[in-house]
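I opened my notebook to go through this structure piece by piece. Here is what I looked up, in the order I went.

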Amino acid sequence: MPVVRIPTVLRRHTDGEAKLSVTGGTVREVFDELVAAHPGLEDQLFEDGDLRGFVNVFVEDEDIRFISGLDTPVEPDDEVAIMPAVAGGAVS
Amino acid sequence: MVDTFELDRRTFDLLVERAWSDFPYEVCGLLGVRPDGTLDHYPIDNAERSMTYYVMDAKQLLHAMREIEDADHGMAIYHSHTHTAAFPSATDVRLAAYPEATYLIVSLQDRDAPEIRAFSIVDGEVTEKPLVVRDEQLA
């Protein structure tokens, strides 16, 4: 089963779980499954049905934005990593 | 209890040197914090290569974070301010998504006296962690 790596900031929505096993075959299916089990994740991951801009999602080593976005396939032994961007700057 | 952050002198110098290395652009990276306090440095490219903004290269970030998390080490996130003080800007606070991390800011505002300060940023609230610079390295 694919495993999803949950960043610390989102673990308050997953009962503290850092890694969750899922069954979906695409990132969209995986995320639908996550949100169904942990509804608090929806607002954290999505904005108007699209992935939030500052949320990076990787399937294994590949950024899904450079593959097929939410339609990117997920193989049974893949790791899906959700990783908020690290960004900032000197000007407000 | 006041939560401090310890930086050995070598890492302090390394971060300042790195801040100068791409001046006037902002640099960024991670530190893994081992249980004995020694630090592993993960320089990460600023994908924006900007004087006022940084976004860590996502793939480099993934690799560094995976390594730090799988080792169960602590994490510090640093970036430089080349022209402003070592204090989180409104942008830094708004985009801070790692409540468990220590945020380090390396300021080159005073060219002769570079400064590093440490903060935690949780739900938009900034708390300074006194920075302790250790002169001798742990074995």
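**Entry 1: chain B, the overall picture**

I am working with a predicted model. I began with the order of elements in chain B, and from the N terminus they run β-α-β-β-β-α-β-α-β-β-β-β. The radius of gyration of chain B is 14 Å, close to the 14 Å from the globule rule for 139 residues, so chain B is as compact as a globular protein of that length. The C-alpha trace of chain B spans about 35 × 35 × 30 Å along its principal axes.

How much of chain B counts as buried? I got 37% of its 139 residues. Then I looked at contacts in chain B with a separation of 6 or more, and 60% of them come from residues 24 or more positions apart.

**Entry 2: the sheet in chain B**

I traced an open sheet of 6 strands in chain B, and its order is β3-β2-β5-β6-β7-β8, with mixed pairing. Which strands sit at the edges? They are β3 (39-44) and β8 (125-129) of chain B, each pairing on one side only. I also checked how neighbouring strands of this sheet are turned against each other: 30 degrees on average, with direction ignored.

Next I walked along the pairings. Strand β2 (residues 28-33) of chain B pairs with β3(B) in the antiparallel sense, over 6 bridges. As one example I noted Val33(B), whose bridge partner in β3(B) is Leu39(B). Then I turned to the helix that packs on this sheet, α1 (residues 9-21) of chain B, which touches β3, β5 (74-81), β6 (102-107) and β7 (115-122) of chain B. The direction of α1(B) makes about 5 degrees with that of β3(B).

I moved on to β5(B). It is joined to β2(B) by 6 bridges, and the two run antiparallel. Here Gly32(B) has Met75(B) as its bridge partner in β5(B). With β6(B), strand β5(B) pairs in the parallel sense, over 6 bridges. The example I wrote down is Ala76(B), with Thr102(B) as its bridge partner in β6(B). Is β5(B) mostly covered or mostly open? Mostly covered, I found: 6 of its 8 residues are buried.

I also jotted down that α2(B) lies across β2, β3 and β5 of chain B, running at about 165 degrees to β3(B).

**Entry 3: the sheet in chain A**

Over to chain A. I found 5 strands forming an open sheet in the order β2-β1-β7-β5-β6, and the pairing is mixed. The edge strands of this one are β2 (19-21) and β6 (62-63) of chain A, each pairing on one side only. Strand β5 (residues 55-59) of chain A pairs with β6(A) in the antiparallel sense over 2 bridges. In that pair, Val59(A) has Glu62(A) as its bridge partner in β6(A).

Which helix of chain B packs on this sheet? I found that α2 (residues 58-70) of chain B does, touching β5, β6 and β7 (79-84) of chain A. The direction of α2(B) makes about 110 degrees with that of β7(A).

**Entry 4: a helix in chain A**

I picked helix α1 (residues 27-37) of chain A and looked for buried residues: Val27(A), Val30(A), Phe31(A) and Leu34(A) are buried. Seen down the axis of α1(A), its buried residues fall within an arc of 95 degrees, so they line one face of the helix. I then asked what covers these buried residues of α1(A). The cover includes β1 (3-5), β2, α2 (41-45), β5 and β7 of chain A.

**Entry 5: where the chains meet**

Last, the contact between the chains. I counted 17 residues of chain A in contact with 25 residues of chain B. On the side of chain A that touches chain B, β5, β7 and β8 (87-88) of chain A each supply at least two residues. Which element gives the largest share of that side? It is β7(A), with 3 residues. I sorted the residues of that side of chain A as well: 11 nonpolar, 5 polar and 1 charged.

A strand pairing also crosses between the chains: β8(A) is joined by 2 bridges to strand β4 (residues 54-55) of chain B, and they run antiparallel.

Technical notes
Residues numbered from 1 in each chain as written. Chains lettered and ligands numbered in written order. Predicted model: local features only at pLDDT ≥ 70, side-chain atom pairs only at ≥ 80, totals over all residues. Helix = DSSP H or I, 4+ residues; strand = E, 2+ residues; numbered from the N terminus. Rg over C-alpha atoms; globule rule 2.2 N^0.38 Å. Buried ≥ 20, exposed ≤ 12 C-beta atoms within 10 Å, placed from the backbone. Contact = placed C-beta atoms within 7 Å. Pairing = 2+ DSSP bridges. Axes fitted to C-alpha atoms, helices over the stretch in contact; angles between N-to-C directions. Nonpolar A, V, L, I, M, F, W, Y, C, P; charged D, E, K, R; others polar. Arc of directions from axis to C-beta.
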